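Reader: I would like to go through this model with you. Could we begin with the terms and then turn to the details?

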There are 2 protein chains.
Amino acid sequence: MLSDRVRMDAYYNAIFENKHHFRGKKAVLDVGTGSGILAIWSAQAGARKVYAVEATKMSEHARELVKANNLQDIVEVIEGSVEDVTLPEKVDVIISEWMGYFLLRESMFDSVISARDRWLKPTGVMYPSHARMWMAPIRSGLVDQKKNDYEGSMNDWLCFVNETKNDYGVDMSVLTKPFSEEQRKYYLQTSLWNNLHPHQVVGTAAIIKEIDCLTATVDDICEVRSNFSSSILIENTRLCGFGGWFDVHFRGRSDNPAQQEIELTTAPSLDSSTHWGQQVFLLHPPFRTSEGDDVNVSFLMNRSKENHRLMEVDLGCEIRQSSGKLLPLFKNKFYIE
Amino acid sequence: MLSDRVRMDAYYNAIFENKHHFRGKKAVLDVGTGSGILAIWSAQAGARKVYAVEATKMSEHARELVKANNLQDIVEVIEGSVEDVTLPEKVDVIISEWMGYFLLRESMFDSVISARDRWLKPTGVMYPSHARMWMAPIRSGLVDQKKNDYEGSMNDWLCFVNETKNDYGVDMSVLTKPFSEEQRKYYLQTSLWNNLHPHQVVGTAAIIKEIDCLTATVDDICEVRSNFSSSILIENTRLCGFGGWFDVHFRGRSDNPAQQEIELTTAPSLDSSTHWGQQVFLLHPPFRTSEGDDVNVSFLMNRSKENHRLMEVDLGCEIRQSSGKLLPLFKNKFYIE
């Protein structure tokens with residue numbers, strides 16, 4: 001939280017430009033308070049009481065920080081998981097910095113939903129109030145680099161198989177297929193953290209998921225399914241994959257709106273990059289595309305069965321050139337690890 | 001296992017230069033067989049039966065490999081933890097590649113001890129049969145690099161504390177002490193994997209632990225305590241810390257010895273480095289020493305309470321210069337993570 005100024009500024013402005021949500025005997029719940037910074041700001045903005053829940057030993061630092069800032073009468077740091085915590089009252093605001101890579105990795109929003117359903121007053125406000133996931137076609141040298149890495153790794157393996165046969169009398173070639181699948185998964189099918197330059201985005205960006213933090217259920221976010229179309233905007237370029245990012249907004253609620261709406265975006269940017277960066281899904285091999293081509297994408301993201309904090313993606317992509325010609329369908333499975 | 005030729009050669013030679021331990025209706029247990037290579041070699045060396053136990057899904061690959069090498073009648077791959085497995089007979093040989101960084105990290109030898117106590121015949125042989133841990137004083141530029149990293153991190157933190165006070169109205173200086181301790185632990189008190197050049201060893205190496213794999217108990221290896229002395233061998237050099245490594249030997253047993261003793265060493269080496277490298281414990285600040293100085297070291301290693309596969313080390317070091325002058329005692333805690 002602390003070392004990312006874009007993130008800090010968004011939360012700071014969301015709170016201090018909307019003090020009406022905090023002032024006047026309001027109670028606030030901060031889910032996963034970490035160092036306690038959001039709880040402290042909530043108190044400084046005028047909250048009567050702030051419950052700052054933190055599952056890890058960071059709670060001890062949060063407690064120290066609250067005391068050093070002389071807010072121990074307002075901010076109560078509670079060590080525990082928010083699912084188990086009992087508060088003495090319902091709250092007017094739930095604030096949380098719960099967003100993971102590509103919004104949903106880590107599945108932290110589950111805890112916010114649980115807290116909301118148990119502790120938010122019917123008139124309560126969520127900070128942030130809305131979230132969206134985005135995707136856009138991109139070009140990137142990563143596609144060549146990862147292909148090289150994969151091929152290098154397979155070359156090493158084949159040398160090794162040879163050597164093991166000749167020097168150690170064991171034929172390992174039966175493992176070439178599973179080894180290749182593992183390497184392919186690692187180099188070509190695992191999404192990559194990347195700080196994209198805006199010029200790397202070669203087509204229109206599409207919203208693939210919208211979340212109203214006041215009403216979304218865990219079922220709503222377990223699966224993200226989207227069929228979208230993007231138009232290539234650049235003459236004669238490579239389509240090397242897709243970049244995914246998110247934004248969140250602080251809008252209050254319709255019957256108690258923000259005075260000043262704040263946006264926190266993790267879109268490709270020259271001067272406002274965040275620690276979230278973007279997630280990149282690579283296409284092997286890349287396609288040649290040009291201005292006016294349409295890219296039709298089917299996207300399906302589910303939680304991994306082995307670890308519900310990680311994600312698996314089925315991605316299909318079909319290019320209809322401006323001439324009308326349809327290029328062969330690309331389909332692949334990706335892992336957000 | 002497979003990509004480290006020093007390791008491969010040692011096990012290969014240990015088995016094939018001592019076939020008398022495997023031939024003649026001998027049964028073998030391979031603890032943690034991984035890809036199955038040691039089990040296959042044992043079968044190729046003439047064993048009647050090899051039980052290859054593997055706790056992970058690697059067992060499926062091992063089974064395929066055994067079959068591809070036409071040894072499925074001899075090698076039986078068993079998926080499960082060796083502590084839970086039931087074999088139909090006691091075995092003549094237990095073979096295992098159980099060594100972690102600095103020998104004992106990962107605490108894999110516990111499983112070998114358990115297997116030995118349950119399944120090795122009273123006349124049985126351990127492969128390897130002996131293990132030793134070594135330490136020696138070293139010089140290394142890592143000491144400067146890690147000091148710089150630590151100081152850079154603290155500078156960033158202090159800037160951040162300033163910024164947070166000025167721009168966001170929160171005083172975080174109360175967290176400077178715990179932050180500094182955390183960074184100190186990370187940069188200066190965590191032992192480092194390193195491939196030392198033999199010239200970096202500046203004093204005599206000492207054995208700090210000897211293990212007879214046939215008789216050692218878990219209690220014997222839980223704690224490693226040693227007071228040793230090392231003589232500096234180089235004129236006017238820096239003592240920057242200590243390097244730790246291990247070797248193992250394949251000697252059979254006194255009443256059934258190896259025909260050809262094999263050694264696998266992970267000592268600093270120009271042309272026979274292993275994936276184990278050495279573990280480096282840095283001294284901050286380094287000492288100036290010279291030929292003839294004596295370094296008296298107290299070393300105590302225990303398993304970490306939070307994770308018994310990791311280790312904690314208390315290291316004390318006192319230098320008696322050849323003039324007789326005693327330099328101030330250095331004491332520090334280290335973490336092998």
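Author: Accessibility first: a residue is buried under 20% relative accessible area, exposed over 50% and partly exposed in between, with a 1.4 Å probe and protein chains only. By that rule B:E106 is partly exposed, because its relative accessible area is 30%. This is a predicted model, in which local features need pLDDT of at least 70 and side-chain atom pairs count only at pLDDT 80 or more, while totals for chains, interfaces and linings use all residues. Residues are numbered from 1 along each chain as its sequence is written, chains are lettered from A and ligands numbered from 1 in the order in which they are written, and side-chain values use heavy atoms, leaving out hydrogens and water.

Reader: Where does B:E106 lie?

Author: B:E106 is in the loop between strand 4 and helix 4 (109-119) of chain B. Helices (H or I, at least four residues) and strands (E, at least two) are DSSP runs, numbered from the N terminus. Phi of B:E106 is near 90 degrees, a positive value in a residue other than glycine.

Reader: And what is phi of A:K25?

Author: A:K25 has a positive phi near 65 degrees, again in a residue other than glycine. The loop between helix 1 and strand 1 (27-31) of chain A holds A:K25, and A:K25 counts as exposed at 67% relative accessibility. Most residues other than glycine have a negative phi, and most peptide bonds are trans.

Reader: Which peptide bond of chain B is cis?

Author: The bond joining B:Y127 and B:P128 is cis, with omega about -5 degrees. B:P128 sits in the loop between strand 5 (120-127) and strand 6 (130-138) of chain B. In chain A, the bond from A:H284 to A:P285 is cis, with omega near -10 degrees, and A:P285 belongs to strand 12 (residues 278-289).

Reader: What does B:S96 touch?

Author: Leaving aside residues up to four places away in sequence, B:S96 touches B:Y11, B:D30, B:V31, B:L38, B:V112, B:Y127 and B:P128, where contact means heavy atoms within 4.5 Å. B:S96 lies in strand 4 (residues 91-96) of chain B and is buried, with a relative accessible area of 1%.

Reader: Changing topic: which residues of helix 3 of chain A are buried?

Author: They are A:S59, A:A62, A:L65 and A:V66, in a helix that spans residues 58-68. These residues cover an arc of only 120 degrees around the axis, which puts them on the same side of helix 3 of chain A; the arc is that of the directions from the helix axis to the C-beta atoms. An α-helix has 3.6 residues a turn, so residues three or four places apart point the same way.

Reader: What do they pack against?

Author: The buried residues of helix 3 of chain A pack against helix 2 (37-44), strand 2 (49-54) and strand 3 (75-79) of chain A. Just after helix 3, A:N70 takes a positive phi of about 60 degrees.

Reader: Now the interface. How many salt bridges does the rule find across chain A and chain B?

Author: The rule finds 4 salt bridges there, each being a side-chain nitrogen of Lys or Arg within 4 Å of a carboxyl oxygen of Asp or Glu. A:D167 forms a salt bridge with B:R5, with the closest N and O atoms 3.0 Å apart.

Reader: Which helix gives the most to the side of chain A that touches chain B?

Author: Helix 5 of chain A does, with 5 residues. In total, 27 residues of chain A are in contact with 27 residues of chain B.
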